Amino acid sequence: MDILQTDIKNILGLGPKWRTLFMEDMDISTFDDLLQLYPYKYVDRSRIFQICDITNEMPFIQICGRFVTMQTLGTGRQQRLSAMFTDGTGQIEVLWFQGLNYVQRQINYNDEFVLFGKPSVFGGRFSIVHPEMERADRAQISAGSLQPMYNTSERMKRAGLNTKSIQKLMNQLFNIQLQATVNETLSYRILNEYHLVNRSTALRIIHFPQNYKDLEKAVFRLKFEELFFVQLGILRNRNINRHKQAGIKFSEVGPLLTDFYKKHIPFEPTNAQKRVVREIWSDLQSGHQMNRLIQGDVGSGKTLVALMAMLIVVGNKLQACMMAPTEILATQHYEGLSSFVKDMPIRVELLTGSTKKKSLILKDLAEGKIDILVGTHALIEDTVIFAHLGMAIVDEQHRFGVQQRAKLWKKGIIPPHILVMTATPIPRTLAMTVYGDLDVSVIDELPPGRKPVRTEHYFHQKRNNLNAFLRQQLQLGRQIYVVYPLIEESESLDYKNLTEGFEYMKDAFKEYNVCMVHGKMKADEKEAAMQSFVSGQAHIMVATTVIEVGVNVPNASVMIIESAERFGLSQLHQLRGRVGRGADQSFCVLMTSEKLSNETRQRMQIMVDTTDGFRIAEADLQLRGPGNIEGTQQSGLPFSLHIADLAKDARLVQYTREAAEKILSEDPLLQAPDNQGMAQRLSILKASSINWSSIS
Ligand code: ADP
Ligand code: MG
């Protein structure tokens, strides 16, 4: 057994109480886990700064000098000790709010001290509050190195398990018990090719660094390793699945697609649409199950691509289904698809929770009389039995978990081909990784003639200026969306805002029809309200984010997003995508309060600056990190990351992908002697990770 898999209770000085805390709060139970508790930052105690050089932005600094004055100020809870400290280049105030007596006793004007702390500015002067303080003649002990700082939970800190004690445990484990040596996990070839330091060295440096230069190398090596095994895991899993998973093989596109293309298609597909259809077609000929993700910005025409894929299947006498996350969307897809194929011998049906003739549909479906079934989650229920399902399409994947996709697999004797469509643009490098089990196609072109939506950022106070503009648009015959955020935690307040907004619009635009749509309405009421907007009877729709995905009303030209600061970038982008679907110039108005954080301001500015979904996704990634990007949470990496960051280390993601591909293409089972360490590491990682089993 690998010694690193030893229980942390075997570390000298780590008792049962700390062990429980490590396990419960940090998911650390083995030597290996503890060694992968990497410092979140280092404080530099190798340098002594001069007081005259101190600036506003400095993190922790170390200064050396003498105290010249000291006085107690204030009384009671306000009481504090203020001392002036000088090193000959300047003076700085040092403050204590606790332990005043103890500090006073320590301070002797004749002694030289080393202070360590974070400078702050108050009233135009620098000060340091509660610095670490040591007499200069004793300070050598900690000076001269970078000190690692470790994250711990509040509970751990209260139990004395803080940065200092973790430093000690690390020393005990790594330097003493493991004698600073651990097994290498990467092959010599990779170490050489990518100029990586070995694992023992990297771990020693990351936990006990001497300088930044070495540290950089160690960090690089450990990030590389982490991402490399993620890629290796994904690719191995995929190769294995590919190998196993036979798929329905098609040898002709069939009569229906040809017929549709010649006679019924209402417009010329864009080059991107054509390319993606070709990619799908090549999957369908391969004899393996297709697992493909189509990423296409809102309005890029994913529905047409999906239809063409389904026509191949139906033309080959099999059935297809398409699943959407909401009833409204399913209904729209049903209507859209039906109208595309209205003159063709194809039967399309809709199945949702509120379908009335359900038993009839189920019967006909099982008898193979229905060609395309569109629906919601209702499709994955066990009662839904297809005669011969050839393809399942999932729209707006981020609403569906991996498990639900897996359920669709089981609906055919040979698993059906799976096509997932998402409008959440995910940067390519990230997509490769978070959707590791899917091949990715991108529709990176909008149908011709679209005018980019013009976006403006307004403060609530200026609402009245907006109304004149809205009136103008209404007079031109256009329609308007007004969207309010709805967050579970503040639900009742959000509903109040929504209904107030509804009343306000009714009042401000008396001569027009205003409708309201939200998730708490009964399905048929919601449907009726939606329908009145789709048909043009209602001119203004006030809604929550139920309209976020998919809704298609080309005549709508204005999207007003209320409290826009409460939405993430990708959500704003989705919402904005509801307009700009017709030939007219469309507008998006982001309403916010005036008090905004810098990050929010940046977010609004990005929306104003660009309509390119991929650029927005990149920006979102930079601002918030990948964990928060919609669509990436539940898709899940095979292993969690401790040091690498999918956003910041995008280039390394690419390198490691290439490295893993190369190795597997030469040695798919990792049997070469130089590769066996990697095979072992992979199986250890697999065994210790819970979400590995993804969708097989
Ligand atoms: P999304 O990718 O957001 O699902 P849709 O499939 O709803 O986009 O398409 C958006 C609109 O563009 C629809 O009205 C659709 O009919 C239209 N459309 C799709 N492809 C083309 C094309 N090649 N040329 C012109 N219009 C197109
Ligand atoms: Mg769509």
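The model is a predicted one, in which local features need pLDDT of at least 70 and side-chain atom pairs count only at pLDDT 80 or more, while totals for chains, interfaces and linings use all residues. Residues are numbered from 1 along each chain as its sequence is written, chains are lettered from A and ligands numbered from 1 in the order in which they are written, and side-chain values use heavy atoms, with hydrogens and water left out.

On the oxygen side, an N or O atom in the side chain of Arg450 is 2.7 Å from an oxygen atom of ligand 1. Of the 560 Å² of accessible area that ligand 1 has on its own, the protein covers 82% (Shrake-Rupley method, 1.4 Å probe).

Turning to the strands, strand 3 (residues 80-86) has six of its seven residues buried, where buried means under 20% relative accessible area, exposed over 50% and partly exposed in between (1.4 Å probe, protein chains only). Helices (H or I, at least four residues) and strands (E, at least two) are DSSP runs numbered from the N terminus, and two strands pair if DSSP finds at least two bridges between them. Strand 3 runs antiparallel to strand 2 (residues 61-73), with seven bridges, and antiparallel to strand 4 (residues 91-96), with six. Ala83 takes part in both pairings: its bridge partner is Met70 on one side and Val94 in strand 4 on the other. Both connections are hairpins. Six residues separate strands 2 and 3, and Gly74 in that turn has a positive phi of about 70 degrees; four residues separate strands 3 and 4, where Gly88 has a positive phi of about 95 degrees.

Aromatic pairs number 13, counting rings of Phe, Tyr and Trp (its six-membered ring) whose centres lie within 6.5 Å; planes under 30 degrees apart are stacked, over 60 edge-to-face and the rest tilted. Tyr194 and Phe224 form a tilted pair, because their planes stand at 45 degrees, with ring centres 4.8 Å apart. Tyr194 sits in the loop between helix 6 (188-193) and helix 7 (199-207), whereas Phe224 is in helix 8 (residues 212-244), 30 residues away. Phe224 is buried, with a relative accessible area of 0%. Tyr194 also pairs with Tyr655, at 6.4 Å between centres and 50 degrees between planes, so this pair is tilted. Tyr655 belongs to helix 22 (residues 650-666), 461 residues from Tyr194, and is partly exposed at 32%. Together with Phe220, Phe228 and Phe229, these residues Tyr194, Phe224 and Tyr655 form one aromatic cluster.

Methods:
A polar contact is a pair of N or O atoms within 3.5 Å; within protein, one must be able to donate a hydrogen and the other to accept it, and residues adjacent in sequence count only if both atoms are side-chain atoms.
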